[in-house]
Each structure stands twice: as C-alpha cells, then as structure tokens.
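Let's take a walk through this protein together.

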Amino acid sequence: MKPSSPAPDTPGCDVLDRLAAVIEARKQADPASSYVARLFAKGDDAMLKKVGEEATEFVLAAKGGERQSIVHEAADLWFHTLLVLAHHGISPREVLAELARREGLSGIEEFARRSASSPK
C-alpha cells in the first residue's frame, strides 16, 4: 500500500510555508539587521557555500550519532536549502510535490528513469 501524501494543512507544511514567507519578507531587508538579507546580498555563491558547510556539519553530526546534534544540523541544512530555493523562485511546496510524486517508486527505477532522460 502506498503511503499517503501529507495534506496541505499538516503542521510540517505550515512550518515550511511560514519559513518561506519569512525568507521572502527578509530578502530585501537591511543586511545589517537580517541574516537572510545578508546572505541574499552576498549572492548565490555565499548561499551555496552555506549549504555545503551545513551539509558537512550534518554528516559529521550523523557520524557522531548524537540525536540532538543531528536534529540541529538537519534544521540548519533545511533552512539554508530554503534560502537557495527562494533565490531561484522555488517554493517548498514544489519540493514536497516532487517527493509526493516519488512516493511508492523504487529508488533504483527512479534513478534509471532520470539517467535515461539526461543528456549524454
């Protein structure tokens, strides 16, 4: 049986929607008073660098196995990923829709499908 997709009004979706709205509101704020505005002012490379740093910290936390550290670093990684998505005009809902589309698909089949459709 295929698991059901989260309803649009589930708490997790609400949090992502609220974070996306805050990010949008702060994009044009004063970089001296907003971390989000500061990263947007620095541009794409700065945001991508932060995603890389947070991904590394997440991997190290997972390797260390301390639950609260893993949760903390996952939140940091997700937040910085939301910044990059916003920079590209992509909403969290688009990512959730893609995850929902993949539900019930074999990872091997999905990889083969993407590999077959990517340019050589």
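A word on the model before we start: it is predicted, with local features needing pLDDT of at least 70, side-chain atom pairs counting only at pLDDT 80 or more, and totals for chains, interfaces and linings using all residues. Residues are numbered from 1 along each chain as its sequence is written, and side-chain values use heavy atoms, leaving out hydrogens and water.

Let's begin with the whole chain. The protein has six helices and zero strands, so its elements read α-α-α-α-α-α from the N terminus on (helices are DSSP runs of H or I with at least four residues, strands are runs of E with at least two, and both are numbered from the N terminus). Of its 120 residues, 23% count as buried, where buried means under 20% relative accessible area, exposed over 50%, and partly exposed in between, with a 1.4 Å probe and protein chains only. The accessible surface comes to about 8,300 Å², and carbon and sulfur atoms hold 62% of that; the areas come from the Shrake-Rupley method with a 1.4 Å probe, and for residues only the protein chains shown count as cover. Among contacts with a separation of 6 or more, 51% link residues 24 or more positions apart (contact means heavy atoms within 4.5 Å).

Now find helix 3 (residues 44–64), which packs against helix 4 at about 160°, with the axes 8 Å apart. Here axes are lines fitted to C-alpha atoms, for helices over the stretch in contact, and angles run from 0 to 180 degrees between N-to-C directions. Helix 3 is therefore roughly antiparallel to helix 4, since angles over 145 degrees count that way, while those under 35 are roughly parallel, 65 to 115 roughly perpendicular, and the rest oblique. The residues of this contact divide into 12 nonpolar, four polar and six charged. In this scheme Ala, Val, Leu, Ile, Met, Phe, Trp, Tyr, Cys and Pro count as nonpolar, Asp, Glu, Lys and Arg as charged, and the others, Gly among them, as polar.

Next comes helix 2 (residues 35–42), whose axis comes within 11 Å of that of helix 4, crossing at roughly 50°. These two helices are therefore oblique to each other. On the helix 2 side, Tyr35, Val36, Leu39 and Phe40 meet Phe79, His80, Leu83, Ala86 and His87 of helix 4. That contact divides into seven nonpolar, two polar and no charged residues.

Helix 2 also packs against helix 3, at about 120° with the axes 5 Å apart, which makes helix 2 oblique to helix 3. Tyr35, Leu39, Phe40 and Lys42 of helix 2 make the contact with Asp44, Ala46, Met47 and Lys50 of helix 3.

Finally, let's zoom in on two residues. Glu73 lies in helix 4 (residues 67–87). Is Glu73 buried or exposed? Glu73 counts as buried because its relative accessibility is 12%. Beyond its neighbours within four places in sequence, Glu73 is in contact with Glu54, Glu57, Phe58 and Ala61. Val95, placed in helix 5 (residues 92–102), counts as partly exposed because its relative accessibility is 35%. Leaving aside neighbours within four places in sequence, Val95 is in contact with Leu85 and Ile90.
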